[in-house]
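Good morning, and thank you for coming. Please look at the sequence and the model on the screen, and I shall then go through some features.

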Amino acid sequence: MRCSLVVPTDQPPGRRYTRAAIEAERQAITAEHAAFHTIWLAQQWISTPPRLPLALSLARQLSVVTDRITLGLILPLPPAALRRALRDELADLAALSAGRLRVALDLRAASLDAHAAGLDLLDGLVEPLGANDPSAKARRLLLLADETTAVIAGTAGFGLLLVPGDSHHARLLRLARYHDARAAQPGWVSRLLSIAVGADVPETLALTRRLPPVMPLISPTGEPPLLGLPAQVAGQLAIAQSTDGLDEVLCVLVSGGPDPEALLRPIELLGRAVLPQLQGPPPPRITFRQRNGQAHPGA
C-alpha cells in the first residue's frame, strides 16, 4: 500500500498565503525524503468571483522544490467558465512536473450534467497526464466516492477515493459497486484518513488531550483520527488496507502543537517507523458479502 500526505490549502481568515506556501514546501520536502508516494493539495471553490485555485500555483512551487514525490490535487468541479482554463493549467503542470501529477475530482451529489462535464474534464487529462495505460489511468485520475460516483469511476476506468464520514457498511457497499462496475479493468482505491502518531507514550497522551472527537476532511462529517504509537498506527492502517483492499492511504496529520515544526516530526516518524511496514500490494479484500458467506464477483 502506498502512503501519501494531504496538505489543505484553503486559507483560514487572517492567515497569509506566503506563510502557508512555505509550510507546504517544507512538508513536501520532508515527505519526499520520508518516501511518501504523493503529496495531495486539497482546496474548495470558495472564492468570489470564481477563479482558479491557489493550489495550482502551490503545486507549481512544489514541482520545483521536489523531484521524486508525485503531486496530487483534490478539487471540486469548477464553474463552467473555468473548466477549459483548469484543464490547460493541469496539462501545463503535468509537463512542468515531468509527469508527476494526479487529480481527484469531487462529483459527489452532483447533477447528471455535472457528471458529464467532470468526465469530459478527466478524459481531457488522460493524454497530458500520461494515463493512456489503463493501470495508470486508474492511479492518476480518481473520483471521490459516493453511491453514484463509485459506479461512474469503475465504468470509466478511474480510481476511487474514499472520504471520511461514511459508515463501515456504506463504505463497503460503495467499494462493491466500484469493483462490480470496473469488472476486469484495472482499479485503484485510496482512502483519506486523519492520523495522530506519537513517538512515545507521553506524547501520545498529550495528543489525546488535544484532539477533537472527529476530524472533518473534505466532507462536512468526519470520523475519529487514528491515534497511537507507530506500531499501533501501522496496525490500524494494515486493518484498513485489508478491509477495503486499499492501494493507497491519504494521511492528514494532526500535529502536537501550533508551530510548523510540529507537523514535520510526525511526517518523519511515519516515514521511519510506519511506511516500511505497509509497502507492497494490498492483501485480498474482505468484503461485506464475503463476511456473509458469499464471494464478491468483483474480487
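Does alanine 35 count as buried or exposed? Alanine 35 counts as exposed, at 54% relative accessibility. Here buried means under 20% relative accessible area, exposed over 50%, and partly exposed in between, with a 1.4 Å probe and protein chains only.

Let me state the basis of these values. This is a predicted model, in which local features need pLDDT of at least 70 and side-chain atom pairs count only at pLDDT 80 or more, while totals for chains, interfaces and linings use all residues. Residues are numbered from 1 along each chain as its sequence is written, and side-chain values use heavy atoms, with hydrogens and water left out.

I return to alanine 35. Its place is in the loop between α1 (17-33) and β2 (38-42). Helices are DSSP runs of H or I with at least four residues, strands are runs of E with at least two, and both are numbered from the N terminus. Alanine 35 is not a glycine, yet it has a positive phi of about 70 degrees. Most residues other than glycine have a negative phi. A positive phi, of about 60 degrees, is also found at alanine 98, again not a glycine. Alanine 98 sits in the loop between α3 and β4 and counts as exposed, at 68% relative accessibility.

Now the overall picture. The protein has eleven helices and eleven strands. Of its 299 residues, 52% count as buried. Contact here means heavy atoms within 4.5 Å. Among contacts with a separation of 6 or more, 74% come from residues 24 or more positions apart.

How do α2 and α3 pack? Helix α2 (residues 54-65) and helix α3 (residues 83-96) meet at an angle of about 10 degrees, and their axes are 10 Å apart. The axes are lines fitted to C-alpha atoms, for helices over the stretch in contact, and angles run from 0 to 180 degrees between N-to-C directions. The two helices are therefore roughly parallel to each other; angles under 35 degrees count as roughly parallel, over 145 as roughly antiparallel, 65 to 115 as roughly perpendicular, and the rest as oblique. On the α2 side the contact is made by Leu56, Ala59, Arg60 and Ser63, and on the α3 side by Leu86, Glu89, Leu90, Asp92, Leu93 and Leu96. By class, this contact has six nonpolar, one polar and three charged residues. In that scheme Ala, Val, Leu, Ile, Met, Phe, Trp, Tyr, Cys and Pro count as nonpolar, Asp, Glu, Lys and Arg as charged, and the others, Gly among them, as polar.

I turn to the interior. In soluble globular proteins, nonpolar side chains tend to be buried together. A nonpolar core is a set of buried Ala, Val, Leu, Ile, Met, Phe, Trp, Tyr and Cys residues joined through side-chain atoms within 4.5 Å. The largest such core has 69 residues, and those with the most contacts inside it are Phe36, Leu73, Leu101 and Leu237. Helix α2 gives the most to this core, with five residues. Another core lies apart from it, with 14 residues, among them Ala42, Ala104, Leu161 and Val252.

Leaving aside neighbours within four places in sequence, its contacts include Trp40, Leu73, Leu142 and Leu161.

Next, valine 163 and leucine 192. Valine 163 is placed in the loop between β6 (159-162) and α7 (168-182) and is buried at 5% relative accessibility. Leucine 192, found in strand β7 (residues 189-197), is buried too, with a relative accessible area of 1%.

A disulfide is a pair of cysteine sulfur atoms within 2.5 Å, and a search of the whole structure finds zero of them. Both cysteines are buried: cysteine 3 has a relative accessible area of 2%, and cysteine 251 is at 1% relative accessibility.
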